[in-house]
Amino acid sequence: MQGGSSGIVYGGLKYQARCIADVRADAGSTTFLAGTLSLKEENEVHLIRLSPGESELVCDGLFYHPNEIWDLKSCPFDHRVFSTVYTSGEGYGAAVWKIPEQHGQSNSPQLEQLFELAGHMGKLRCVLWWPLGKHDKLISIDDRNIFLWNIDSSNKSAKVISQGSADMLPNLRGGAWDPHNHNSIAAISDSSLHLWDLRSMDKSTAIEHAHIRDVDYNPKKQNLIATTEDEFGIRLWDLRMLKHPLKDLPGHSHWTWTVRHNPEYDELLLSAGTDSTVNLWLAQVSSNDSGPDSPSSPKRQEEQLLNSYTDYEDSIYGIAWSSHDPSLFASLSYDGRVVLESVKPYLQRK
């Protein structure tokens, strides 16, 4: 099904942008953080909230950020804390920030930097928070290494407790932290996906010979992940049997850049790409799909595309479901356009 957009547009971003994150720790409303990517201007982080009447997206805070933001994640247990990966004239850096108390002011330019994640020599890719509940660990990934940090926000400190090297793997690109096992992450490179045990920093089971751009765990079902790949679009996998994918979805007409599972409805997937489109998928995986005789060429099922949201003029690098209301998601195109959409019309098909 093809469709435009009937969503709510936020017009507050003045610069190009690629990062948007759900503020999971805000239990009272649908809230997102978005960060800009301007080379010449002072960059901004916007705290965007859905109004009580659910009719508009309002700026709940605008904060100046010193550098271009390439990755932004909200702390899952403190709604005022978030991390960024950024570039400056001196290379790449990462830090954890705290939003100041507002006191009725919508513009609070001074973010409090709690600590830097210093020590990376390579190109920093992302910061990962364990997605479920309070956790005193943080992960940062550059193109050659994975760092595990012990963090203490109250004392504004972070200390590396272990480090894993990619060795001969070419160019680590990012990863995801398993919500069902805080000792495991999936890290992607230019040619493969590996699972890392954070206790030993050993990498194990892998998907080989695949240019994977993104990976996301199913938060409701153990051992299930989704990947986006240049050649195959979207693939669903069982981590216990990575010889063949469970299912293929067609992906996008250009690069399929990112994929996200819905936090509540385990068969709903969002994907976005450089074709200026967000796709909503019904990704049903039956028990038969994970059997030992799974075919090497999974059947593509075009009817699993529930809707395409096409009211964009630029590539879409950021998508985020709302944890407060899982029927809502926000998307961010490179030109700074944020759109909030509802998938309620498609929930009845589950």
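Because the model is predicted, local features need pLDDT of at least 70 and side-chain atom pairs count only at pLDDT 80 or more, while totals for chains, interfaces and linings use all residues. Residues are numbered from 1 along each chain as its sequence is written, and side-chain values use heavy atoms, with hydrogens and water left out.

Let's start with the strands, which are DSSP runs of E with at least two residues; helices are runs of H or I with at least four residues, and both are numbered from the N terminus. Two strands count as paired if DSSP finds at least two bridges between them.

β15 pairs with β16 (residues 184–189) over 5 bridges, and Trp177 has Ile185 of β16 as its bridge partner. Ile185 also stands opposite Trp196 in β17. β16 and β17 are joined by a hairpin through 2 residues and pair over 5 bridges. Further along, 5 bridges join β17 to β18, with Ala206 in β18 as the bridge partner of His194. The hairpin of β17 and β18 has 4 residues between the strands, and Met201 in its turn has a positive phi of about 60 degrees.

How well covered is β17 (residues 192–197)? This strand is mostly covered, as 5 of its 6 residues are buried. Buried means under 20% relative accessible area, exposed means over 50%, and partly exposed lies in between, using a 1.4 Å probe and protein chains only.

Thr256 has Gly273 in β24 as its bridge partner, while Leu269 has Trp281 in β25. A hairpin through 6 residues joins β23 to β24. Between β24 and β25 the hairpin has 4 residues, and Ser276 in the turn has a positive phi of about 60 degrees.

A nonpolar core is a set of buried Ala, Val, Leu, Ile, Met, Phe, Trp, Tyr and Cys residues joined through side-chain atoms within 4.5 Å. The largest one has 17 residues, and those touching the most other members are Leu268, Leu270, Val278, Leu280, Tyr309, Phe329 and Val343. Two or more residues each come from β24 (268–273), β25 (278–282), β26 (305–309), β27 (316–321) and α1 (344–347).

## Pockets and a cavity

Rolling a probe the size of a water molecule over the atoms shows where empty space is left. On a 1 Å grid over the protein atoms alone, a cavity is a set of points where a 1.4 Å probe fits but cannot get out; a pocket is an open set with protein on both sides within 12 Å along at least five of seven lines, and lining residues have an atom within 4 Å of a point. Grid points are joined across faces, edges and corners, and a volume is the space filled by probe spheres set on the points.

| Space | Volume |
|---|---|
| Largest pocket | about 1,500 Å³ |
| Second largest pocket | about 160 Å³ |
| Largest cavity | about 100 Å³ |

The largest pocket is lined by 45 residues, with Asp71, Lys73, Gly175, Asp214 and Arg260 nearest its centre. Strands giving two or more residues to this lining include β15, β23 and β27. Residues lining the second largest pocket include Val23, Arg49, His79 and Gln102. The largest cavity has 13 lining residues, and Asn218, Leu224, Leu236, Ala283 and Val285 are the closest to its centre.
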